[in-house]
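User: I am new to this structure and would like to go through it slowly. Please show it first, and then I will ask about some of its parts.

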Amino acid sequence: MVDRGGLREAVSLASKALPKRSVIPVIKHLKITANGDISITATDLENRVEIRLPRRARSAEEAANAFTLLLPGDLLSKHLKGKGAESVHVVRNELSAMFDGALQMNGLDPQDYPAEPDYSWKAVASVPAKAL
């Protein structure tokens, strides 16, 4: 179970990084990773955003059942904007998820998601401050 308001806000923010149109289906999906906390990642291949939601209470079972799903950002956002209970109940299988026992979303293989770029920078040149 996840807090609906927090998840709705995180999905809404992350969805802004998704492209409006794309010939690459995987980048129209949000990468949702649950390994105790929840992280939602979106990219348009030029920009990347990751939002982390700390969980209030975690059972040992939830912590042991870590998973990653790629779900359509637009459908997930629409579902969460609708009225419902304060929490969202998610049941998942390999590539899809059932939300609140009412909506099943089919996703894509998480291995198809673009790899996170290497952000380690190495100096390749130096310029004296006076030269700038």
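User: Does L70 count as buried or exposed?

Analyst: This is a predicted model, in which local features need pLDDT of at least 70, side-chain atom pairs count only at pLDDT 80 or more, and totals for chains, interfaces and linings use all residues. Residues are numbered from 1 along each chain as its sequence is written, and side-chain values use heavy atoms, with hydrogens and water left out. Buried means under 20% relative accessible area, exposed over 50%, and partly exposed in between, with a 1.4 Å probe and protein chains only. Because its relative accessibility is 1%, L70 counts as buried.

User: In which strand does L70 lie?

Analyst: Strands are DSSP runs of E with at least two residues, numbered from the N terminus. The run that covers residues 67–72 includes L70, and this strand is β5.

User: Which residue of β9 stands opposite A97?

Analyst: Strands β8 (residues 96–99) and β9 (residues 103–106) run antiparallel and are joined by four bridges, where pairing requires that DSSP finds at least two bridges between two strands. Opposite A97, the residue in β9 is M105.

User: Which side chain meets that of R52 in a salt bridge?

Analyst: A salt bridge is a side-chain nitrogen of Lys or Arg within 4 Å of a carboxyl oxygen of Asp or Glu, and the structure holds one. The N to O distance is 3.1 Å, and the partner of R52 is E50.
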